[in-house]
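Take a look first, then follow the headings below.

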Amino acid sequence: MTAPVIGVLALQGDVREHVAALAGAGADARPVRRPAELDAVDGLVIPGGESTTISKLADIFEMREPIDKRIAGGMPVYGSCAGMIMLAAEVLDGRPDQRGFAGIEMTVRRNAFGRQVDSFEAPVEIAGVEGEPFHAIFIRAPWVERVGAGVEVLGRVTDDGSSSLRGVRRAELESSLGPAGGRIVAVRQGHLMATSFHPELTGDLRLHRYFVDLVRAAA
């Protein structure tokens, strides 16, 4: 089976880590920073980093319009942390001049979990990913405050990952877990997916395999 070619937007952020994880998950992974390089890939990862910087560099490297066109044409894209912000239709607490690709019908709050010193780790069950809860690393992470009708919620923050969140009210979760309890941290809308956390830093390749399979299916 031919390995799908998946690019990592190499403007800023965890590019090397995503390339390594994608390669481990069975993809032909390569950095992408020019439109011609984007033309050669079947899917794209927008890595964690600084969303305002990625937004500015997307314009400087003339990548915004080509990525918009590829998203509209059905290219699978996965955004982690800052990448989630870049894929959101609406961003709260962002800079006025910040622009993303607005592919997923969701509202995210930038730096919602706090600043760098408030970074934390938590187990997250991911729908469609078998095995134990994912050990998620949150670094100045956003969370999702609203999703549209076409968006599937793949994961929320839980206490120990052992219990399902279906039917559990937000108030009950916040009472036991604090303001992070029950927050949406993983979503998918068709060929687009996003997480608040950084799977590329864990050594757990399951989410990258999930995305590689998504790219294969689209191809």
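## The second largest pocket

Keep in mind throughout that this is a predicted model.

How much space lies in the second largest pocket? It holds about 200 Å³. Sorted by class, its lining has six polar residues, four nonpolar and four charged. Rolling a probe the size of a water molecule over the atoms is a way to see where empty space is left.

## The largest nonpolar core

Next, turn to the largest nonpolar core, which has 35 residues. The members that touch the most others are Ile 6, Leu 22, Ile 126, Phe 138, Phe 197, Leu 207 and Phe 211. At least two residues of this core come from each of β1 (5-9), α1, β7 (120-124), β8 (134-138), β11 (184-189) and α7 (206-218). Helix α7 gives the most, with six residues.

Beyond residues up to four places away in sequence, Phe 211 touches Ile 6, Leu 22, Leu 44, Val 45, Pro 76, Val 77, Tyr 78 and Met 193. There is also a second, separate core of 32 residues, and among its members are Val 5, Ala 88, Val 144 and Leu 192. In soluble globular proteins, nonpolar side chains tend to be buried together.

Is His 18 buried or exposed? His 18 counts as buried because its relative accessibility is 0%, below the 20% cut-off. This residue is found in helix α1, which covers residues 15-24.

The side chain of His 18 makes a polar contact with the side chain of Glu 200, at 3.2 Å. Glu 200 is also one of the residues that His 18 touches when those up to four places away in sequence are not counted; the others are Val 8, Val 45, Pro 47, Gly 48, Tyr 78, Ser 80 and His 208.

## Leu 92 in strand β5

Our last stop is Leu 92, found in strand β5 (residues 88-92).

Which residues is Leu 92 in contact with, leaving aside its neighbours within four places in sequence? They are Thr 107, Val 108, Arg 109, Arg 110 and Glu 145. Leu 92 and Thr 107 lie 15 residues apart in sequence, and their C-alpha atoms are 7.2 Å apart in space.

How values were computed
Residues numbered from 1 in each chain as written. Predicted model: local features only at pLDDT ≥ 70, side-chain atom pairs only at ≥ 80, totals over all residues. Heavy atoms only, no water. Helix = DSSP H or I, 4+ residues; strand = E, 2+ residues; numbered from the N terminus. Contact = heavy atoms within 4.5 Å. 1 Å grid on protein atoms, 1.4 Å probe; cavity = no way out; pocket = protein on both sides within 12 Å on 5 of 7 lines; lining within 4 Å. Points joined across faces, edges and corners; volume = space filled by probe spheres on them. Nonpolar A, V, L, I, M, F, W, Y, C, P; charged D, E, K, R; others polar. Buried < 20%, exposed > 50% of the residue type's maximum accessible area, 1.4 Å probe, protein only. Polar contact = N/O pair within 3.5 Å; in protein donor to acceptor, adjacent residues only side chain to side chain. Core = buried A, V, L, I, M, F, W, Y, C linked by side-chain atoms within 4.5 Å.
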